[in-house]
Amino acid sequence: MFEQSSRHVASYYAHACADHLVERDALEGEHDTEVLIIGAGFSGLHTALRLVKAGKRVTLLEASRVAWAASGRNGGQAILGWSCDMPPLEAALGYERARRLWDGMRWAAQELRALPSRHEFDCDYRPGHLWTSVLPRRVGLLTEWQHEAAHKWGHDGLRFIPREQLSEWVASDRYQAGLFDPEGGHLNPLKLALGLAAAIEGAGGRIHEQSKALGYREEGGRYVVTTEHGCIRADVLVLACNAYLDRLDPQLSSCVLPVGTYQVATAPLPPAQAAALLPNNACVTDNQFVLDYFRRTPDHRLLFGGGCTYLGGMPRDIAAATRPFLERVFPQLKGVELEFAWGGHIDLTLKRTPDIGRRGDLYWLQGYSGHGVLPTLAGARAVADAILGQPDELALYQGLVNGRFPGGKYMAAPLEAIGKAWYRLRDSL
Ligand SMILES: Cc1cc2nc3c(=O)[nH]c(=O)nc-3n(C[C@H](O)[C@H](O)[C@H](O)COP(=O)(O)OP(=O)(O)OC[C@H]3O[C@@H](n4cnc5c(N)ncnc54)[C@H](O)[C@@H]3O)c2cc1C
(Lines give C-alpha, C1' and ligand atoms only; values in the text may rest on other atoms or scores of the structure.)
Protein backbone atom coordinates (compact mmCIF):
# COMPACT_ATOMS: atom_id res chain seq x y z
CA MET A 1 0.00 0.00 0.00
CA PHE A 2 2.69 2.51 1.04
CA GLU A 3 6.05 2.55 -0.68
CA GLN A 4 8.79 1.54 1.75
CA SER A 5 12.14 3.02 0.82
CA SER A 6 15.70 2.26 1.82
CA ARG A 7 16.25 5.75 3.24
CA HIS A 8 14.83 7.44 6.29
CA VAL A 9 12.57 10.39 5.51
CA ALA A 10 14.35 13.74 5.69
CA SER A 11 13.31 14.41 9.27
CA TYR A 12 15.03 16.26 12.08
CA TYR A 13 15.72 12.86 13.64
CA ALA A 14 17.47 11.45 10.56
CA HIS A 15 19.55 14.63 10.54
CA ALA A 16 20.37 14.35 14.26
CA CYS A 17 21.25 10.63 13.93
CA ALA A 18 23.11 10.86 10.62
CA ASP A 19 26.38 9.66 12.20
CA HIS A 20 24.73 6.64 13.83
CA LEU A 21 22.76 5.19 10.91
CA VAL A 22 24.25 1.81 10.09
CA GLU A 23 22.98 -0.44 7.32
CA ARG A 24 22.17 -4.06 8.05
CA ASP A 25 22.26 -6.98 5.64
CA ALA A 26 19.10 -8.21 3.97
CA LEU A 27 17.94 -11.76 4.60
CA GLU A 28 19.42 -14.06 1.98
CA GLY A 29 19.03 -17.81 1.65
CA GLU A 30 17.44 -20.24 4.11
CA HIS A 31 17.37 -19.47 7.84
CA ASP A 32 15.92 -20.77 11.07
CA THR A 33 15.04 -19.01 14.31
CA GLU A 34 12.96 -19.48 17.43
CA VAL A 35 11.06 -16.19 17.31
CA LEU A 36 10.65 -14.19 14.12
CA ILE A 37 9.46 -10.60 14.48
CA ILE A 38 8.32 -8.69 11.40
CA GLY A 39 8.73 -4.92 11.74
CA ALA A 40 11.58 -3.10 13.49
CA GLY A 41 9.65 -0.21 15.03
CA PHE A 42 9.25 0.16 18.79
CA SER A 43 6.79 -2.78 18.99
CA GLY A 44 9.17 -5.20 17.31
CA LEU A 45 12.33 -3.86 18.94
CA HIS A 46 11.01 -3.85 22.53
CA THR A 47 9.58 -7.36 22.06
CA ALA A 48 12.87 -8.60 20.60
CA LEU A 49 15.01 -7.08 23.35
CA ARG A 50 12.96 -8.66 26.12
CA LEU A 51 13.11 -12.04 24.39
CA VAL A 52 16.84 -12.08 23.61
CA LYS A 53 17.54 -11.02 27.18
CA ALA A 54 15.52 -14.06 28.28
CA GLY A 55 17.69 -16.30 26.12
CA LYS A 56 15.48 -16.73 23.03
CA ARG A 57 16.92 -16.89 19.51
CA VAL A 58 15.29 -13.90 17.85
CA THR A 59 15.35 -12.54 14.30
CA LEU A 60 13.80 -9.27 13.17
CA LEU A 61 12.86 -8.59 9.57
CA GLU A 62 12.45 -4.98 8.54
CA ALA A 63 11.18 -3.98 5.10
CA SER A 64 13.15 -0.76 5.16
CA ARG A 65 15.45 0.49 7.94
CA VAL A 66 15.19 0.18 11.72
CA ALA A 67 12.50 2.66 12.83
CA TRP A 68 11.91 3.84 9.29
CA ALA A 69 8.19 4.35 9.98
CA ALA A 70 6.26 5.90 12.90
CA SER A 71 8.85 4.93 15.51
CA GLY A 72 11.56 6.97 13.86
CA ARG A 73 9.36 9.94 12.96
CA ASN A 74 7.06 10.65 15.88
CA GLY A 75 6.74 13.60 18.23
CA GLY A 76 8.90 11.81 20.81
CA GLN A 77 6.37 12.47 23.55
CA ALA A 78 6.27 9.67 26.12
CA ILE A 79 2.79 10.24 27.53
CA LEU A 80 1.25 7.89 30.06
CA GLY A 81 -1.95 6.27 28.86
CA TRP A 82 -3.48 5.08 25.61
CA SER A 83 -5.08 7.05 22.82
CA CYS A 84 -8.54 5.95 24.01
CA ASP A 85 -7.98 7.05 27.66
CA MET A 86 -9.13 4.77 30.47
CA PRO A 87 -12.97 4.61 30.16
CA PRO A 88 -13.12 2.15 27.21
CA LEU A 89 -10.49 -0.02 28.88
CA GLU A 90 -12.42 -0.12 32.13
CA ALA A 91 -15.71 -0.72 30.29
CA ALA A 92 -14.20 -3.70 28.46
CA LEU A 93 -12.17 -5.21 31.29
CA GLY A 94 -13.66 -4.04 34.57
CA TYR A 95 -11.73 -2.01 37.13
CA GLU A 96 -9.28 -4.63 38.45
CA ARG A 97 -8.02 -5.70 35.05
CA ALA A 98 -7.95 -2.15 33.66
CA ARG A 99 -5.90 -1.19 36.72
CA ARG A 100 -3.36 -3.87 35.85
CA LEU A 101 -3.07 -2.42 32.35
CA TRP A 102 -2.55 1.03 33.84
CA ASP A 103 0.14 -0.32 36.16
CA GLY A 104 1.80 -1.76 33.05
CA MET A 105 1.79 1.73 31.56
CA ARG A 106 3.53 3.17 34.60
CA TRP A 107 6.05 0.36 34.43
CA ALA A 108 6.67 1.33 30.78
CA ALA A 109 7.35 4.96 31.74
CA GLN A 110 9.86 3.83 34.36
CA GLU A 111 11.42 1.27 32.05
CA LEU A 112 11.84 3.84 29.28
CA ARG A 113 13.86 6.00 31.65
CA ALA A 114 16.04 3.03 32.63
CA LEU A 115 16.71 1.59 29.15
CA PRO A 116 19.34 4.09 27.94
CA SER A 117 21.69 3.69 30.88
CA ARG A 118 21.09 -0.05 31.11
CA HIS A 119 22.08 -0.52 27.48
CA GLU A 120 24.54 2.36 27.27
CA PHE A 121 22.92 4.60 24.70
CA ASP A 122 21.56 8.12 24.74
CA CYS A 123 18.18 9.16 23.35
CA ASP A 124 18.01 12.73 24.67
CA TYR A 125 15.36 11.79 27.24
CA ARG A 126 14.01 14.76 29.20
CA PRO A 127 11.39 14.35 31.94
CA GLY A 128 8.03 16.07 32.05
CA HIS A 129 4.82 16.22 30.05
CA LEU A 130 2.22 18.99 30.22
CA TRP A 131 -1.40 18.61 29.11
CA THR A 132 -2.97 21.97 28.34
CA SER A 133 -6.51 23.11 27.78
CA VAL A 134 -7.36 25.58 25.04
CA LEU A 135 -11.04 25.86 25.90
CA PRO A 136 -12.22 27.09 29.31
CA ARG A 137 -14.87 24.37 29.33
CA ARG A 138 -12.21 21.68 29.00
CA VAL A 139 -10.16 22.79 32.01
CA GLY A 140 -12.45 20.52 34.01
CA LEU A 141 -11.11 17.55 32.04
CA LEU A 142 -7.66 18.24 33.47
CA THR A 143 -8.82 18.41 37.06
CA GLU A 144 -11.09 15.39 36.61
CA TRP A 145 -8.16 13.35 35.28
CA GLN A 146 -5.91 14.58 38.09
CA HIS A 147 -8.47 13.40 40.63
CA GLU A 148 -9.22 10.12 38.88
CA ALA A 149 -5.56 9.35 38.25
CA ALA A 150 -4.77 9.79 41.94
CA HIS A 151 -7.80 8.13 43.48
CA LYS A 152 -8.59 5.43 40.98
CA TRP A 153 -5.32 4.55 39.25
CA GLY A 154 -2.77 5.33 41.96
CA HIS A 155 -1.02 7.98 39.85
CA ASP A 156 -0.86 10.83 42.32
CA GLY A 157 2.04 12.96 41.06
CA LEU A 158 0.03 15.09 38.62
CA ARG A 159 0.15 18.81 39.28
CA PHE A 160 -2.49 21.31 38.16
CA ILE A 161 -1.04 24.54 36.72
CA PRO A 162 -3.52 27.44 36.79
CA ARG A 163 -3.54 29.99 33.98
CA GLU A 164 -1.67 32.59 36.03
CA GLN A 165 1.29 30.21 36.45
CA LEU A 166 1.32 28.84 32.92
CA SER A 167 3.92 31.32 31.66
CA GLU A 168 6.45 29.41 33.76
CA TRP A 169 5.74 26.43 31.48
CA VAL A 170 4.80 27.67 28.04
CA ALA A 171 5.12 31.15 26.54
CA SER A 172 1.71 31.19 24.91
CA ASP A 173 -1.59 32.92 25.69
CA ARG A 174 -3.55 30.13 24.04
CA TYR A 175 -4.02 27.97 27.12
CA GLN A 176 -6.37 28.22 30.07
CA ALA A 177 -4.60 25.76 32.37
CA GLY A 178 -2.22 22.81 32.38
CA LEU A 179 -1.66 19.48 34.07
CA PHE A 180 1.94 18.43 34.59
CA ASP A 181 2.96 14.79 34.68
CA PRO A 182 6.52 14.25 35.96
CA GLU A 183 6.42 10.59 34.87
CA GLY A 184 5.98 11.54 31.20
CA GLY A 185 8.82 12.94 29.13
CA HIS A 186 10.27 13.34 25.67
CA LEU A 187 13.10 11.94 23.62
CA ASN A 188 14.58 11.47 20.18
CA PRO A 189 12.67 8.37 19.04
CA LEU A 190 15.11 7.40 16.30
CA LYS A 191 17.98 7.46 18.78
CA LEU A 192 15.92 5.27 21.09
CA ALA A 193 15.21 2.76 18.30
CA LEU A 194 18.85 2.66 17.19
CA GLY A 195 19.92 2.10 20.80
CA LEU A 196 17.43 -0.75 21.16
CA ALA A 197 18.62 -2.31 17.89
CA ALA A 198 22.25 -2.21 19.07
CA ALA A 199 21.24 -3.75 22.41
CA ILE A 200 19.38 -6.57 20.62
CA GLU A 201 22.37 -7.32 18.41
CA GLY A 202 24.72 -7.05 21.38
CA ALA A 203 22.68 -9.75 23.12
CA GLY A 204 22.78 -12.07 20.10
CA GLY A 205 19.59 -11.12 18.23
CA ARG A 206 19.63 -10.65 14.45
CA ILE A 207 18.15 -7.79 12.46
CA HIS A 208 17.79 -7.83 8.68
CA GLU A 209 16.91 -4.58 6.93
CA GLN A 210 15.61 -4.27 3.37
CA SER A 211 13.84 -7.56 4.01
CA LYS A 212 10.14 -7.17 3.43
CA ALA A 213 8.13 -10.20 4.48
CA LEU A 214 6.12 -11.07 1.39
CA GLY A 215 3.98 -13.74 2.97
CA TYR A 216 3.82 -16.33 5.70
CA ARG A 217 2.42 -19.82 5.96
CA GLU A 218 2.20 -22.55 8.56
CA GLU A 219 4.07 -25.74 7.81
CA GLY A 220 4.67 -28.62 10.17
CA GLY A 221 3.68 -26.60 13.24
CA ARG A 222 6.12 -23.79 12.36
CA TYR A 223 5.93 -20.54 10.40
CA VAL A 224 7.65 -20.01 7.07
CA VAL A 225 8.21 -16.44 5.96
CA THR A 226 9.53 -15.46 2.56
CA THR A 227 11.31 -12.30 1.48
CA GLU A 228 12.62 -11.31 -1.93
CA HIS A 229 15.94 -13.11 -1.44
CA GLY A 230 15.36 -15.41 1.50
CA CYS A 231 13.18 -17.64 3.55
CA ILE A 232 13.10 -18.17 7.31
CA ARG A 233 11.40 -20.72 9.55
CA ALA A 234 10.32 -19.93 13.09
CA ASP A 235 8.48 -21.52 15.99
CA VAL A 236 6.81 -18.23 16.88
CA LEU A 237 5.84 -15.34 14.61
CA VAL A 238 5.21 -11.76 15.77
CA LEU A 239 3.63 -9.21 13.43
CA ALA A 240 4.65 -5.68 14.42
CA CYS A 241 3.94 -3.90 11.14
CA ASN A 242 1.60 -1.15 12.34
CA ALA A 243 -0.02 0.83 9.51
CA TYR A 244 1.94 -1.17 6.91
CA LEU A 245 0.64 -4.67 7.62
CA ASP A 246 -1.69 -4.61 4.61
CA ARG A 247 -1.73 -7.84 2.59
CA LEU A 248 0.63 -9.72 4.89
CA ASP A 249 -2.40 -10.42 7.07
CA PRO A 250 -5.60 -8.96 5.56
CA GLN A 251 -7.72 -10.05 8.51
CA LEU A 252 -5.61 -8.17 11.05
CA SER A 253 -5.01 -5.20 8.81
CA SER A 254 -8.77 -4.75 8.38
CA CYS A 255 -8.87 -3.74 12.07
CA VAL A 256 -6.63 -0.69 11.60
CA LEU A 257 -7.03 2.39 9.46
CA PRO A 258 -3.76 4.04 8.35
CA VAL A 259 -3.90 7.79 8.95
CA GLY A 260 -1.24 10.28 7.92
CA THR A 261 0.11 12.75 10.46
CA TYR A 262 2.95 15.24 10.27
CA GLN A 263 5.17 17.74 12.05
CA VAL A 264 7.91 20.32 11.57
CA ALA A 265 11.16 21.32 13.23
CA THR A 266 12.36 24.90 13.22
CA ALA A 267 15.95 25.79 12.50
CA PRO A 268 17.95 26.06 15.77
CA LEU A 269 16.76 29.14 17.67
CA PRO A 270 18.96 31.33 19.85
CA PRO A 271 19.22 29.19 23.03
CA ALA A 272 17.61 31.84 25.24
CA GLN A 273 14.67 32.19 22.84
CA ALA A 274 14.12 28.44 22.72
CA ALA A 275 14.35 28.17 26.51
CA ALA A 276 11.86 31.00 26.92
CA LEU A 277 9.25 29.15 24.83
CA LEU A 278 9.16 26.19 27.22
CA PRO A 279 11.00 27.28 30.38
CA ASN A 280 10.72 23.91 32.16
CA ASN A 281 11.48 21.92 29.01
CA ALA A 282 8.39 19.73 29.39
CA CYS A 283 6.74 18.51 26.20
CA VAL A 284 3.24 19.86 25.64
CA THR A 285 0.02 18.40 24.23
CA ASP A 286 -3.30 20.21 24.24
CA ASN A 287 -6.60 18.50 24.92
CA GLN A 288 -8.35 19.48 21.69
CA PHE A 289 -9.70 16.57 19.65
CA VAL A 290 -7.44 17.64 16.78
CA LEU A 291 -4.50 18.43 18.99
CA ASP A 292 -1.25 20.37 18.77
CA TYR A 293 1.88 18.92 20.37
CA PHE A 294 5.33 20.42 20.68
CA ARG A 295 8.63 20.33 22.50
CA ARG A 296 12.18 21.59 22.48
CA THR A 297 15.19 19.67 21.19
CA PRO A 298 18.66 19.68 22.76
CA ASP A 299 19.90 21.83 19.86
CA HIS A 300 17.25 24.48 20.60
CA ARG A 301 14.68 23.79 17.92
CA LEU A 302 10.95 23.70 18.39
CA LEU A 303 9.29 20.50 17.13
CA PHE A 304 5.62 21.09 16.42
CA GLY A 305 3.01 18.68 15.09
CA GLY A 306 -0.63 17.92 15.02
CA GLY A 307 -2.27 17.76 11.60
CA CYS A 308 -3.54 14.56 10.05
CA THR A 309 -4.98 13.28 6.77
CA TYR A 310 -7.40 10.39 6.45
CA LEU A 311 -7.21 9.79 2.74
CA GLY A 312 -3.77 8.22 2.47
CA GLY A 313 -1.44 11.02 1.41
CA MET A 314 0.28 13.94 3.10
CA PRO A 315 -0.23 17.65 2.46
CA ARG A 316 1.90 18.62 -0.52
CA ASP A 317 3.62 21.27 1.61
CA ILE A 318 3.71 20.04 5.22
CA ALA A 319 5.53 23.15 6.44
CA ALA A 320 2.90 25.46 4.95
CA ALA A 321 0.10 23.30 6.37
CA THR A 322 1.61 23.34 9.87
CA ARG A 323 2.88 26.92 10.12
CA PRO A 324 -0.50 28.55 10.93
CA PHE A 325 -0.97 26.18 13.88
CA LEU A 326 2.54 26.80 15.19
CA GLU A 327 2.13 30.56 14.87
CA ARG A 328 -1.27 30.39 16.55
CA VAL A 329 0.43 28.97 19.65
CA PHE A 330 3.60 31.05 19.39
CA PRO A 331 2.90 34.30 17.50
CA GLN A 332 6.40 35.41 18.55
CA LEU A 333 7.75 32.81 16.06
CA LYS A 334 5.95 34.33 13.08
CA GLY A 335 7.98 33.66 9.95
CA VAL A 336 10.44 31.35 11.75
CA GLU A 337 12.46 29.10 9.46
CA LEU A 338 11.05 25.56 9.35
CA GLU A 339 14.07 23.47 8.48
CA PHE A 340 12.41 20.03 8.48
CA ALA A 341 8.87 18.91 7.70
CA TRP A 342 7.87 15.26 7.55
CA GLY A 343 5.02 12.88 8.13
CA GLY A 344 4.24 9.26 8.87
CA HIS A 345 1.34 6.91 9.37
CA ILE A 346 -0.45 5.89 12.51
CA ASP A 347 -2.84 2.98 12.87
CA LEU A 348 -6.29 3.88 14.14
CA THR A 349 -8.60 1.24 15.53
CA LEU A 350 -12.35 1.62 15.66
CA LYS A 351 -12.43 2.33 19.40
CA ARG A 352 -8.86 3.70 19.60
CA THR A 353 -8.01 0.79 21.92
CA PRO A 354 -4.82 -1.13 21.14
CA ASP A 355 -5.04 -4.35 19.13
CA ILE A 356 -2.56 -6.75 20.71
CA GLY A 357 -3.21 -10.46 20.69
CA ARG A 358 -2.38 -13.96 19.54
CA ARG A 359 -3.70 -16.95 17.60
CA GLY A 360 -1.68 -19.93 18.74
CA ASP A 361 1.98 -19.05 18.15
CA LEU A 362 1.15 -16.04 15.97
CA TYR A 363 1.25 -12.76 17.92
CA TRP A 364 0.58 -9.19 16.85
CA LEU A 365 0.87 -5.64 18.17
CA GLN A 366 -0.88 -2.76 16.42
CA GLY A 367 -3.63 -0.17 16.76
CA TYR A 368 -1.95 2.40 19.02
CA SER A 369 -4.06 5.05 17.28
CA GLY A 370 -1.37 7.72 17.29
CA HIS A 371 -0.12 7.29 20.81
CA GLY A 372 2.53 4.62 20.93
CA VAL A 373 5.84 5.65 22.52
CA LEU A 374 4.95 4.14 25.89
CA PRO A 375 2.09 1.81 24.79
CA THR A 376 4.46 -0.10 22.47
CA LEU A 377 6.72 -0.85 25.44
CA ALA A 378 3.82 -1.94 27.64
CA GLY A 379 2.39 -4.08 24.81
CA ALA A 380 5.78 -5.61 24.00
CA ARG A 381 6.18 -6.78 27.58
CA ALA A 382 2.79 -8.49 27.38
CA VAL A 383 3.64 -10.26 24.11
CA ALA A 384 7.19 -11.23 25.09
CA ASP A 385 6.05 -12.58 28.45
CA ALA A 386 3.32 -14.64 26.78
CA ILE A 387 5.94 -16.13 24.44
CA LEU A 388 8.00 -16.89 27.55
CA GLY A 389 5.04 -18.75 29.07
CA GLN A 390 3.37 -15.99 31.11
CA PRO A 391 0.25 -14.99 29.20
CA ASP A 392 -1.64 -13.09 31.94
CA GLU A 393 -0.89 -9.57 30.78
CA LEU A 394 -1.53 -10.42 27.13
CA ALA A 395 -4.91 -11.83 28.20
CA LEU A 396 -5.84 -8.31 29.36
CA TYR A 397 -5.22 -6.92 25.89
CA GLN A 398 -7.12 -9.80 24.36
CA GLY A 399 -10.17 -8.62 26.30
CA LEU A 400 -10.21 -5.45 24.15
CA VAL A 401 -12.14 -6.35 21.04
CA ASN A 402 -11.81 -3.73 18.32
CA GLY A 403 -13.46 -5.23 15.25
CA ARG A 404 -13.28 -4.15 11.64
CA PHE A 405 -14.16 -0.74 10.27
CA PRO A 406 -17.70 -0.86 8.89
CA GLY A 407 -17.62 -0.66 5.12
CA GLY A 408 -13.89 -1.51 5.10
CA LYS A 409 -11.01 0.93 4.81
CA TYR A 410 -12.32 2.56 1.65
CA MET A 411 -15.46 3.72 3.43
CA ALA A 412 -13.77 4.25 6.79
CA ALA A 413 -11.29 6.85 5.55
CA PRO A 414 -13.89 9.33 4.23
CA LEU A 415 -16.09 8.71 7.26
CA GLU A 416 -13.18 9.40 9.60
CA ALA A 417 -12.39 12.55 7.61
CA ILE A 418 -15.98 13.77 8.08
CA GLY A 419 -15.77 12.88 11.77
CA LYS A 420 -12.55 14.83 12.12
CA ALA A 421 -14.10 17.90 10.45
CA TRP A 422 -16.98 17.71 12.92
CA TYR A 423 -14.64 17.48 15.92
CA ARG A 424 -12.48 20.30 14.57
CA LEU A 425 -15.64 22.41 14.45
CA ARG A 426 -16.43 21.45 18.05
CA ASP A 427 -12.86 22.31 19.04
CA SER A 428 -13.33 25.80 17.64
CA LEU A 429 -16.71 26.55 19.24
C1 LIG B 1 4.21 11.91 12.88
C2 LIG B 1 3.90 11.03 14.09
C3 LIG B 1 3.94 11.58 15.35
C4 LIG B 1 3.68 10.76 16.47
N5 LIG B 1 3.87 11.28 17.72
C6 LIG B 1 3.75 10.49 18.80
C7 LIG B 1 4.09 10.98 20.08
O8 LIG B 1 4.56 12.10 20.25
N9 LIG B 1 3.88 10.17 21.15
C10 LIG B 1 3.39 8.90 21.00
O11 LIG B 1 3.21 8.21 22.02
N12 LIG B 1 3.15 8.37 19.77
C13 LIG B 1 3.33 9.13 18.68
N14 LIG B 1 3.11 8.61 17.43
C15 LIG B 1 2.71 7.20 17.31
C16 LIG B 1 3.90 6.24 17.50
O17 LIG B 1 5.01 6.68 16.76
C18 LIG B 1 3.50 4.84 17.05
O19 LIG B 1 2.34 4.43 17.73
C20 LIG B 1 4.59 3.80 17.29
O21 LIG B 1 5.84 4.25 16.83
C22 LIG B 1 4.21 2.50 16.61
O23 LIG B 1 5.32 1.64 16.64
P24 LIG B 1 5.28 0.27 15.84
O25 LIG B 1 6.56 -0.40 16.06
O26 LIG B 1 4.05 -0.47 16.22
O27 LIG B 1 5.08 0.69 14.31
P28 LIG B 1 6.10 1.37 13.28
O29 LIG B 1 7.06 2.24 13.94
O30 LIG B 1 5.26 1.95 12.19
O31 LIG B 1 6.93 0.15 12.71
C32 LIG B 1 6.40 -0.82 11.86
C33 LIG B 1 7.57 -1.37 11.05
O34 LIG B 1 7.16 -2.53 10.34
C35 LIG B 1 7.83 -2.54 9.11
N36 LIG B 1 7.07 -3.43 8.22
C37 LIG B 1 5.79 -3.29 7.83
N38 LIG B 1 5.44 -4.29 7.02
C39 LIG B 1 6.53 -5.09 6.90
C40 LIG B 1 6.81 -6.28 6.19
N41 LIG B 1 5.88 -6.87 5.40
N42 LIG B 1 8.05 -6.84 6.30
C43 LIG B 1 8.99 -6.26 7.08
N44 LIG B 1 8.78 -5.12 7.76
C45 LIG B 1 7.57 -4.54 7.67
C46 LIG B 1 7.77 -1.07 8.68
O47 LIG B 1 8.73 -0.79 7.66
C48 LIG B 1 8.05 -0.37 10.00
O49 LIG B 1 9.42 -0.10 10.18
C50 LIG B 1 3.33 9.39 16.29
C51 LIG B 1 3.28 8.84 15.01
C52 LIG B 1 3.57 9.65 13.91
C53 LIG B 1 3.55 9.03 12.54
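Author: Around the ligand there are 46 residues, and Gly-39, Gly-41, Gly-75, Gly-344 and Gly-372 come nearest. A residue is near a molecule or strand if its C-beta atom, placed from the backbone, lies within 6 Å of it. This is a predicted model: local features need pLDDT of at least 70, side-chain atom pairs count only at pLDDT 80 or more, and totals for chains, interfaces and linings use all residues. Residues are numbered from 1 along each chain as its sequence is written.

By type, the shell around the ligand divides into 21 nonpolar, 22 polar and three charged residues. Here Ala, Val, Leu, Ile, Met, Phe, Trp, Tyr, Cys and Pro count as nonpolar, Asp, Glu, Lys and Arg as charged, and the others, Gly among them, as polar.

Four elements each supply at least two residues of the shell: helix H2 (42-53), strand E11 (257-266), strand E15 (338-348) and helix H10 (373-387). E15 gives the most, with four residues. Helices (H or I, at least four residues) and strands (E, at least two) are DSSP runs, numbered from the N terminus.

The chain pairs strand E1 (residues 29-38) with E2 in the parallel sense, over four bridges. Two strands pair if DSSP finds at least two bridges between them. Val-35 stands opposite Val-58 in E2. From E1 the chain crosses through H2 to E2, and this β-α-β crossover is right-handed. That term applies if, with the strands pointing away from the viewer, the path from the first strand over the helix to the second runs clockwise.

E2 (residues 58-61) is covered on both faces. Val-58 and Leu-60 are buried on one side, Thr-59 and Leu-61 on the other. Buried means 20 or more other C-beta atoms within 10 Å of a residue's own; exposed means 12 or fewer, and partly exposed is in between, with C-beta atoms placed from the backbone. E2 also runs parallel to strand E7 (residues 206-208), joined by three bridges. His-208 in E7 is the bridge partner of Leu-61.

Leu-61 turns up again in the contacts of Leu-36. Leaving aside neighbours within four places in sequence, Leu-36 is in contact with Thr-59, Leu-61, Tyr-223, Val-225, Ile-232, Ala-234 and Leu-237. Contact means C-beta atoms, placed from the backbone, within 7 Å of each other.

Leu-36 also belongs to the largest nonpolar core, which has 126 residues. Leu-36, Ala-193, Val-238, Leu-374 and Val-383 have the most contacts inside this core. H10 gives the core its largest share, 10 residues. Such a core is a set of buried Ala, Val, Leu, Ile, Met, Phe, Trp, Tyr and Cys residues joined through C-beta atoms within 7 Å. In soluble globular proteins, nonpolar side chains tend to be buried together.

Past E7, look at the backbone. Gln-210 is found in the loop between E7 and strand E8 (215-219). The phi of Gln-210 is near 50°, a positive value in a residue other than glycine. Most residues other than glycine have a negative phi. Gln-210 counts as buried because 20 C-beta neighbours lie inside 10 Å. His-300 also has a positive phi, near 70°. His-300 is found in the loop between strand E13 (293-296) and strand E14 (302-309). With 17 other C-beta atoms within 10 Å, His-300 is partly exposed.

Key: Two residues are in contact if their C-beta atoms, placed from the backbone, lie within 7 Å.
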